[in-house]
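Subject: Structure handover

Hello,

Here is the structure I promised. Please open it alongside this note.

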Amino acid sequence: MIEKIFFEKNFEKGYDAVLVFTNAVTRPASNELQLKKKKKPKVVIRPVLGSIAMPKSFQVFSNEKFLNDQIAPHVKDQSYQAKPGEIFPIYSEGLFRQIVYITLPTLYNKKDGENFVVNELLNTLRELVATVISQQKRSCNIAIDCSKLAFLAGQTKTTEASLVRCITEASFLGDYRFDSYLSKPLAARHTLSLVGAIAITPALQKAARESRLIAQATNHARDLENEPPNCLGVAEFVARATSFAKQAKFKIKTLDTKQLRKQKFGGILAVNAGSDEGAKLLTLEYKPAKPLSHKQSVLFVGKGVLFDSGGLSIKPSKAMEEMKMDMSGAAVVLLALWAISLLKLEVRVIAVIPLTENLIGPQAYRVGDLLSMYNGKTVEVTNTDAEGRLLLADSLAYATAAFNPDYCIDVATLTGACVVALGSEYAGLWSNNDKLAGMLSKSGERTAEALWRMPLDAAYLEDMRSKVADLKNAASTPYGGAITAAKFLQQFIGKGAWAHIDIAGVMSYAASKGYKKAGASGFGVRLLVDFISCLANKTKEK
Ligand code: BES
Ligand code: MN
Ligand code: ZN
């Protein structure tokens, strides 16, 4: 765990590990050279990303002579290959135990899709920094050389602030471990210093503190997702949400089962019927302190199934293994709101979270049951494992009517079909509004929490028609299952702009890689915070 972050002028203090960025300028492989030469002989040949490594010129992004000097002999004798993405540690005695040289890819004149290339580079930076930080098993003081940040920004066509954000975020994300139930916790305790004389201005320090907060929000979400289902039930989730609300000073209101019954939340109650622990519907509200000239409000809805057994349409054991994480949507919107509130972003944000388990028992809802939903629509239950959409349908109907938001975004581990479609790289995005979809996609690119937009054509609804009710809760075929689920939700949203994000495929990773850790991902926190902060900045400009 990184316990403290410092901003320091120079390396006088001494550190256990120092990270230094380098940049290898490589020439393209000779056949590429030939080809290009023939076509346009007079054009200067630019090196190409990903080409065979042939160090031509080589830069160390440091003003420290010592750090420059240490790598030189290794470059000369070629033990250091200077390939993009290479991590080269040198162990020494004295001021620093370890110096780690990290080679970034170089960006060239890529006019088309330049943003894409820059985002990719920033993500490589995240991965490399996180990898180095997570290799530090013992408690230590880590320093990152930022003495030539401006130059590095120029070289990579990005801003110093983006670099600082990436470095900080990656350090905190890469350092994450879920070890609270181990008798011998693994986590080492580190300090992180960003070092560079004039390089780290107060504005950049602010950027670092903000991205630390956002990474911590992600880590808190990962904690909730990783909690075993017998440790984090409905009541415990409410307790945790209440303490986050207190800390970040946003409002929290809870509807219990009795109130849900009174107000006819037929979907939530049906799913909850098999569980001993009552369902809860949380409403969290963050209001910016400053009154705005142009008021905007955003509604988040997050699926909070604390454990999904599938109900009577029970899941096979293998498929049940990760179902403690079926509350990832809930965790993500809760912690996004926590960060938004602490960052004091100037947009009103409300989060609505339905909480329950999906279990079996004498009272459990059945296949064939007829449900009367919050908005009066009727639903025939054809599969008790399609429970998420029932919870979300009630929550969306209730919250869009109660708050009439400018934008409504739901986040849910909704379908196995989304995992089949997109794997664990992209989350699925559905929206009835191109502007909202565009803004979310851009946030996805910037944060490397990528979204892939999927169709919402009316024809997909045909599969959801029932003979005895307005809708059935599961289509008769599994094909296009993530889309039919989205179509189902759309019947409950009222009129405004809405987006649905299916995070089933990205809720967890099988293995650790860089800032992505094996286990829960917290995917969506950084995305939603970026979205709200863009919205806040746009509002300010008006
Ligand atoms: N929570 C699951 C979806 C899920 C699957 C999330 C894998 C993460 C990883 C959801 O409640 C579910 O069971 N969906 C069913 C819907 C089907 C019955 C129409 C599914 O995908 O099989
Ligand atoms: Mn299910
Ligand atoms: Zn589920």
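This is a predicted model: local features need pLDDT of at least 70, side-chain atom pairs count only at pLDDT 80 or more; totals for chains, interfaces and linings use all residues.

Residues are numbered from 1 along each chain as its sequence is written, chains are lettered from A and ligands numbered from 1 in the order written, and side-chain values use heavy atoms, with hydrogens and water left out.

**Metals**

Donors here are N, O and S atoms within 2.8 Å of the metal (3.2 Å for Na, K and Ca); water is not among the atoms, so sites may look incomplete. The zinc ion (ligand 3) has Lys303 (NZ), Asp308 (OD), Asp326 (OD) and Glu387 (OE) as protein donors, 2.0 to 2.4 Å away. Their spacing along the chain is K-x4-D-x17-D-x60-E. The zinc site is octahedral, with angles of 78 to 174° among its 6 donor atoms. Six donors count as octahedral if opposite donors are over 155 degrees apart and all others between 65 and 115; four count as tetrahedral if all angles lie between 85 and 135 degrees, or as square planar by the rule for six; anything else is irregular.

The manganese ion (ligand 2) takes Asp308 (OD), Asp385 (O), Asp385 (OD) and Glu387 (OE), at 2.1 to 2.2 Å. Its site is irregular, because the 6 donor atoms subtend angles of 71 to 169°. Aspartate 308 bridges the manganese ion (ligand 2) and the zinc ion (ligand 3), which lie 3.1 Å apart. Aspartate 308 sits in strand β11 (residues 304-308), and aspartate 385 in the loop between β14 (378-380) and α12 (388-403), 77 residues apart. Helices (H or I, at least four residues) and strands (E, at least two) are DSSP runs, numbered from the N terminus.

Aspartate 308 is buried, at 3% relative accessibility. Aspartate 385 is partly exposed, at 21%. The cut-offs: buried is under 20% relative accessible area, exposed over 50%, partly exposed in between (1.4 Å probe, protein chains only).

**Cores**

A nonpolar core is a set of buried Ala, Val, Leu, Ile, Met, Phe, Trp, Tyr and Cys residues joined through side-chain atoms within 4.5 Å. The largest has 64 residues, and Phe237, Phe300, Leu334, Ile409 and Phe531 have the most contacts inside it. Helix α11 (residues 328-342) gives the most to this core, with 11 residues. Apart from it lies another core, of 49 residues, among them Met373 and Trp430.

**Pocket and cavities**

On a 1 Å grid over the protein atoms alone, a cavity is a set of points where a 1.4 Å probe fits but cannot get out; a pocket is an open set with protein on both sides within 12 Å along at least five of seven lines; lining residues have an atom within 4 Å of a point. Grid points are joined across faces, edges and corners, and a volume is the space filled by probe spheres set on the points.

The largest pocket has a volume of about 1200 Å³. It is lined by 48 residues, with Arg165, Glu210, Asp530, Ser533 and Asn537 the closest to its centre. α16 (525-541) is among the contributing elements and gives the most to this lining, with 10 residues. There are 2 cavities of 30 Å³ or more. The largest cavity holds about 70 Å³. Its lining includes Leu173, Arg222, Tyr509 and Arg526.

**Proline 455**

Proline 455 is in the loop between β17 (451-453) and β18 (471-472). It is partly exposed, at 32% relative accessible area.

Best wishes
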